[in-house]
Amino acid sequence: MSVLKITNLRASVEGTEILRGVDLEVSSGEVHALMGPNGSGKSTLSHVLMGRSDYTVTDGSVTIDGEELLGLPTWERARRGLFLTHQYPVEVAGVRIVDLVDAATDHGIDEARVQTEAGRLAVRDEFLARGVNVEFSGGEQKRTETLQLAVLEPRFAILDEIDSGLDVDALRVVSRRIEAMTEETGLGVLAITHYARLLTELRPDRVHVFMGGRVVTSGGPELADELEAVGYDGLAERLGFAVPKPVSAEVTEDPFATPGF
Ligand code: ADP
Ligand code: MG
């Protein structure tokens, strides 16, 4: 049994504080859903957990079984059992998935293992032969990110909108596979999502609502249903506050939509 513990995590980018005191605790085998409006800092949280260098951590701690991860380079965090599936995966021309996962472990990964997972996730051979994410559709990217997750068997996975770009069938395949990992290997999951739909197969133990750079309320699976019904405004009203504005003025869902470009 392992525990990923995030305590009072604060982080800034270019002088603006985005994460404003995040507290979360995920144990092996558990699924935690993190739901929040655009621009509330969810992807920032995933990047800061993984150690992306353009964010400045100003306070708090992130531990796995008591060992501090903050300050470690990304690969060291991965080695300690943390894995991130990206909202916007990058293309890596010339590097196949099998090369990537093989290089990511000390013991090596053989093609047969990758093939088995590809079968379970309905990933066609042509995607195994290409460079990682090169000319993959959104759905293919998310399936193959899940394939990497399944093969590498980390202790904790952060899924940043794994459901975006997936059709209903692919969503079922991916979420079932991840749910199975929570039982087979005791994977602990932090699933960032907008939609309760993901959570019908990937059943959350806890649901956290994220606004203004922190968790504002937590509950059981019924909280996701409430959100679906009343929206963030409705939930904020019940809790007695207004939905905070996006944490910085420039909200860009599309990473290529550079203002003035
Ligand atoms: P979410 O994933 O909840 O939609 P993000 O974490 O992507 O939110 O973004 C939160 C806020 O932080 C946004 O206003 C975004 O523009 C800003 N932000 C995130 N990363 C960067 C960055 N690397 N540089 C500048 N601003 C950023
Ligand atoms: Mg995001």
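Author: The helices and strands named below are DSSP runs, with at least four residues of type H or I for a helix and at least two of type E for a strand, numbered from the N terminus. Please keep in mind that this is a predicted model.

Reader: In which segment is the place of S2, and is S2 buried or exposed?
Author: S2 has its place in the segment before β1, a strand that covers 3–13. The cut-off for calling a residue buried is a relative accessible area under 20%. Because the relative accessibility of S2 is 6%, S2 counts as buried.

Reader: With the side chain of which residue does the side chain of S2 make a polar contact?
Author: Leaving aside neighbours within four places in sequence, S2 is in contact with V26, S27, S28, D65, R155 and F156. One residue from that group also takes part in a polar contact, at 3.0 Å, between its side chain and the side chain of S2, namely R155.

Reader: Which residues coordinate the magnesium ion (ligand 2), and how many residues apart in sequence are the parts that the pair ties together?
Author: The magnesium ion (ligand 2) is coordinated through OG of S43 and OE1 of Q87, at 2.1 to 2.3 Å. S43 belongs to helix α1 (residues 42–50), whereas Q87 sits in the loop between β6 (82–85) and α3 (97–103), so the pair ties together parts of the chain whose separation in sequence is 44 residues.

Reader: Are S43 and Q87 buried or exposed?
Author: These are the residues that supply OG and OE1 to the magnesium ion (ligand 2). With under 20% relative accessible area as the criterion, both S43 and Q87 are buried.

Reader: Where does T144 lie, and which backbone oxygen lies 2.8 Å from a polar atom of its side chain?
Author: T144 lies in helix α6, which covers residues 138–152, and T144 counts as buried because its relative accessibility is 2%. A polar atom of the T144 side chain lies 3.1 Å from the backbone oxygen of Q141. The backbone oxygen that lies 2.8 Å from a polar atom of that side chain belongs to E140.

Reader: Which residue touched by T144 has a phi near 70°?
Author: Not counting residues up to four places away in sequence, T144 touches I97, V123, N133 and F136. One of these is found in the loop between α5 and α6 and counts as buried because its relative accessibility is 2%. Its phi near 70° is a positive value in a residue other than glycine, and the residue is N133.

Reader: What is the phi of A122?
Author: A122 lies in the loop between α4 (111–120) and α5 (125–129), and at 47% relative accessibility A122 counts as partly exposed. A122 is a residue other than glycine with a positive phi, and that value is near 55°.

Reader: How are α6 and α7 oriented, and what is the hand of their crossing?
Author: Two packed helices are described by the angle between their axes and the distance between the axes. The axes of α6 and helix α7 (residues 168–184) come within 10 Å and cross at roughly 15°, which makes the two helices roughly parallel, since angles under 35 degrees count as such. Where they meet, K142, R143, T146, L149 and A150 in α6 face A170, V174, R177, I178 and M181 in α7. The crossing of α6 and α7 is left-handed.

Reader: Which residues in α6 meet α4, and are the two helices oblique or parallel?
Author: From α4, the residues R113, V114, E117 and A118 meet L147, A150 and V151 in α6. The axes of α4 and α6 are 9 Å apart, with a packing angle of about 130°, and the crossing is right-handed. The two helices are therefore oblique to each other.

Reader: How many residues apart in sequence are I192 and M35?
Author: I192 has its place in strand β8 (residues 188–192) and counts as buried because its relative accessibility is 1%. Among the residues that I192 touches, beyond four places in sequence, are L34, K42, S46 and I158. The C-alpha atoms of I192 and M35 are 5.9 Å apart in space, while the separation in sequence is 157 residues.

Conventions: Residues are numbered from 1 along each chain as its sequence is written. Chains are lettered from A and ligands numbered from 1 in the order in which they are written. This is a predicted model: local features need pLDDT of at least 70, side-chain atom pairs count only at pLDDT 80 or more; totals for chains, interfaces and linings use all residues. Side-chain values use heavy atoms; hydrogens and water are left out. Buried means under 20% relative accessible area, exposed over 50%, partly exposed in between (1.4 Å probe, protein chains only). A polar contact is a pair of N or O atoms within 3.5 Å; within protein, one must be able to donate a hydrogen and the other to accept it, and residues adjacent in sequence count only if both atoms are side-chain atoms. Contact means heavy atoms within 4.5 Å. Donors are N, O and S atoms within 2.8 Å of the metal (3.2 Å for Na, K and Ca); water is not among the atoms, so sites may look incomplete. Axes are lines fitted to C-alpha atoms, for helices over the stretch in contact, and angles run from 0 to 180 degrees between N-to-C directions. Angles under 35 degrees count as roughly parallel, over 145 as roughly antiparallel, 65 to 115 as roughly perpendicular and the rest as oblique. A crossing is left-handed if the near helix is turned anticlockwise from the far one by less than a right angle, and right-handed if clockwise.
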